[in-house]
Amino acid sequence: MASATDRIERFLRGLIRSGNLVVALPAGRRLVLGDGAGPAIVVRVADTLTLGRIAAQPYMGLAEAYMDGRLAMAQGSIRDLLALGSKNAAAAPRTRPGPFARWRRSLAARAVSRAAALRNVAHHYDLSLDLYRRFLDADMQYSCAYFERPDMSLDDAQLAKKRHIAAKLDLGGDHEVLDIGCGWGGLALSLAAWTGAQVHGVTLSTEQLAIANQRAEASGLASRVRFSLTDYRDVTQTYDRIVSVGMFEHVGVKQYETFFGKVADLLADDGVALLHSIGSSDPPGPVNPFTTKYIFPGVHVPSLSEVLGAVETSGLRVTDIEIQRLHYAKTLAHWRERFDARRDEIAALYDERFCRMWECYLAGAEMGFIYGGHMIFQMQLTKRVDALPITRDYMREAELALDAVARRAA
């Protein structure tokens, strides 16, 4: 009868079929996995129990072992290891979610109350600003950048993202804009500065609110941009334009109809809304447990099938959908490289385990966009069929005009 160790080894050999992975076990034992192609990745694992945990939950088991020092990289990086595992997983035959997976998803898809939303936001976004300043761009954009050219810097790509969104909003100086999930205020301030629009940004993060208000005062835009600690469900004013970037992932699948119903209630009859969110090209499924436990409690990555069903009952109409495939992989690579360059400083802010956790988060998320079916979707919404021009030419024309404005202001 095969031992537990033998069964674990067979599982790992079946999982890692390509590449070159060497697992060094105690007492000098070595497990060689893959077909030998490419540079060797060598990991040291403390014991067979750790191997068993990785076999039971590959991503969670690996990440926790790395965080706790039970798995150490002897050759290559944790990013290299996650890339190897992700590439092999992507090559495996795809199966439809079974009853157990659907049941797990139904448990995870509980409604997000106001209290839970506040706790979830505080867990991640109320971390030290000194952390985020060490790896984000100068404008503190914590969402996917838009790489118009492969060689763009992170700062330029984040500026391009804001222009791209502003163009899709077909924004004018007489418009009032609601920014749902405004972060540290960069998008709201740019929209007001470029067009003269009045912008109201809402957030559930006390840390982000304080910085956003400071930036509004310092930029001289406080008369046109205001920020408040407000749940989107409690907003009552009507707006000409509504934008939400990187917030929808935290709404909760059972709140999708509530979200789009609220957008419809707040949007003027001739208004335009733009939703920018991480999405999945796969059928609905659960988020990996590492992310929900350590990084973003309550997060859900929606499939378009889930989103469109909620839109269709809201009174809104979809006027444009853009799928951005590898832009977030490039964004995450920039963040990871910046994080690595300031790693000692970040360890001084927190500790070594925190750094290892964030290495797994940033590299694992990058792999999700390269191998795992994740993407960004930008969905434009209106109430009226004639609220926007009937060709997309106006978007590019607006981007060029906004680029000229931004360059004059720089």
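Q: Hi! How many salt bridges does the structure hold?
A: The structure holds 24 salt bridges, each being a side-chain nitrogen of Lys or Arg within 4 Å of a carboxyl oxygen of Asp or Glu. This is a predicted model, where local features need pLDDT of at least 70, side-chain atom pairs count only at pLDDT 80 or more, and totals for chains, interfaces and linings use all residues. Residues are numbered from 1 along each chain as its sequence is written, and side-chain values use heavy atoms, with hydrogens and water left out.

Q: Which residue forms a salt bridge with Glu 64?
A: That's Lys 293, with the closest N and O atoms 3.2 Å apart. The pair links distant parts of the chain, 229 residues apart: Glu 64 sits in helix H3 (residues 58-67) and Lys 293 in helix H12 (residues 289-295). Helices here are DSSP runs of H or I with at least four residues, strands are E runs of at least two, and both are numbered from the N terminus.

Q: Is Glu 64 buried or exposed?
A: Glu 64 counts as buried, at 18% relative accessibility. Buried means under 20% relative accessible area, exposed over 50%, and partly exposed in between, using a 1.4 Å probe and protein chains only. Lys 293 is partly exposed, at 48%.

Q: OK, and what about Glu 322 and Lys 168, buried or exposed?
A: Both Glu 322 and Lys 168 are buried. Their side chains meet in a salt bridge, 2.5 Å from N to O. Glu 322 belongs to strand S10 (residues 317-324) and Lys 168 to helix H8 (residues 154-169), 154 residues apart.

Q: Switching topic: which residues have the most contacts inside the largest nonpolar core?
A: Those are Leu 71, Tyr 132, Tyr 142, Phe 290 and Trp 358, in a core of 70 residues. Helix H16 (residues 352-370) gives the most to this core, with ten residues. A nonpolar core is a set of buried Ala, Val, Leu, Ile, Met, Phe, Trp, Tyr and Cys residues joined through side-chain atoms within 4.5 Å.

Q: What is Leu 71 in contact with?
A: Leaving aside neighbours within four places in sequence, the contacts of Leu 71 include Val 43, Ile 54, Leu 62 and Leu 81. Contact means heavy atoms within 4.5 Å.

Q: Last one: where does pLDDT stay under 50?
A: Over residues 102-108. pLDDT is the predictor's confidence in each residue, from 0 to 100. Where it is low, the predicted coordinates should not be read in detail. The mean pLDDT of the protein chain is 91, and 90% of its residues reach 70 or more.
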